[in-house]
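Here are my notes on this one, as numbered points. Have the model open while you go through them.

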Amino acid sequence: MRKSAPIAFRLILGRELRLWAKAGRSPILWWRDDDARAPGEALDKLLDLSRRHDAPLTLAAIAGPHLAALVRRVEGEPNIEVAVHGFKHINRQPPGRGFGEVVPEDGLEWVRAQLRATVMAFHKAGARPTLFVPPWNNLAPQLVEAIGDSSLGAISAFGQEHASGDGVARLDTHLDVLRWKGGGRFRGRWRFLSRMRRLMASRRVSGQWDAPMGLLTHHMDHDAATWTFLDEFLAVFPMRARQDLTTASPPASRALSA
């Protein structure tokens with residue numbers, strides 16, 4: 001870690017990073033941002049962060065009326081992947097059953113039809129996505145099966161380690177920069193970095209050095225503290241492109257100085 005890194009980074013992650021460096025390793029990180037709907041000031045700030053830090057970014061976009069404008073806005077940016085973020089991003093779960101776009105009663109053929117129509121909308125907008133990100137990270141079994149039969153080759157939700165099955169690669173996020181109870185707001189440096197330390201320790205103890213950790217952001221909900229922290233975090237930790245982590249086993253990263 002750079003000596004100029006914020007003190008919270010050094011205090012919370014320093015010891016764990018030294019243990020990783022002793023083994024010749026460093027954490028593998030990738031970045032996904034959800035709920036992209038249209039071009040705007042917040043998206044411009046997000047893309048500026050990606051560009052300045054040379055940080056590949058997966059932008060999970062919603063197939064709404066501004067999808068084509070969104071695709072045009074990012075097509076000239078380096079290191080930006082557009083992913084499918086649900087069919088319409090509408091909660092269809094009954095009260096008391098959480099949030100999700102696909103409910104247990106939905107048939108597989110209906111899910112397949114919705115997925116085909118959504119992918120076609122992205123194609124018409126000028127994007128050729130290969131990743132599906134379910135709204136609220138809710139991966140229903142029918143959805144996973146339908147994706148396996150589609151032109152999409154990968155899925156991403158939250159919390160699971162690197163895995164694949166039924167021809168569908170899975171790469172989740174693990175580090176949400178926001179807290180959601182009572183409305184989205186910055187999680188805080190200590191909460192965020194402490195979770196990252198726990199994830200790193202778990203991977204080190206189990207020998208899962210190359211299990212990626214995903215950074216999750218929602219640019220439309222960021223406050224000033226969130227933007228500041230992201231700028232600091234991306235300056236310290238390099239990001240990997242999602243496609244590199246799901247098309248083949250990723251090569252081990254070089255150790256970061258602790």
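1. Is Arg170 buried, exposed or partly exposed? Arg170 is partly exposed, at 22% relative accessible area, where buried means under 20%, exposed over 50% and partly exposed in between (1.4 Å probe, protein chains only). Its salt-bridge partner is Asp172, with the closest N and O atoms 2.8 Å apart; a salt bridge here is a side-chain nitrogen of Lys or Arg within 4 Å of a carboxyl oxygen of Asp or Glu. Asp172, at 0% relative accessibility, counts as buried.

2. A word on ground rules. This is a predicted model, so local features need pLDDT of at least 70 and side-chain atom pairs count only at pLDDT 80 or more, while totals for chains, interfaces and linings use all residues. Residues are numbered from 1 along each chain as its sequence is written, and side-chain values use heavy atoms, with hydrogens and water left out.

3. Back to the charges: the structure holds 16 salt bridges. One of them pairs Asp210 with Arg25 (3.1 Å, N to O). Asp210 sits in the loop between α6 and β11 (213–217) and Arg25 in the loop between α1 and β1 (29–36), so this pair ties together parts 185 residues apart in sequence. Helices (H or I, at least four residues) and strands (E, at least two) are DSSP runs, numbered from the N terminus. Asp210 is partly exposed at 30%, and Arg25 is partly exposed at 24%.

4. Asp106 and Arg92 also form a salt bridge, with 2.6 Å between the closest N and O atoms. Asp106 is buried at 11% relative accessible area, whereas Arg92 is partly exposed at 36%.

5. Have a look at how α1 (residues 7–22) meets α6: the axes come within 9 Å and cross at roughly 10°. Axes are lines fitted to C-alpha atoms, for helices over the stretch in contact, and angles run from 0 to 180 degrees between N-to-C directions. The two helices therefore count as roughly parallel (angles under 35 degrees). Residues making the contact include Phe9, Leu13 and Trp20 of α1 and Leu193, Met196 and Met200 of α6; contact means heavy atoms within 4.5 Å.

6. Trp190 belongs to α6 (residues 189–206) and is exposed, with a relative accessible area of 51%.

7. Finally, Leu59 in strand β2 (residues 57–61) counts as buried, at 0% relative accessibility. Leaving out residues up to four places away in sequence, Leu59 touches several others, among them Leu43, Leu70, Val74 and His219.

Key: Angles under 35 degrees count as roughly parallel, over 145 as roughly antiparallel, 65 to 115 as roughly perpendicular and the rest as oblique.
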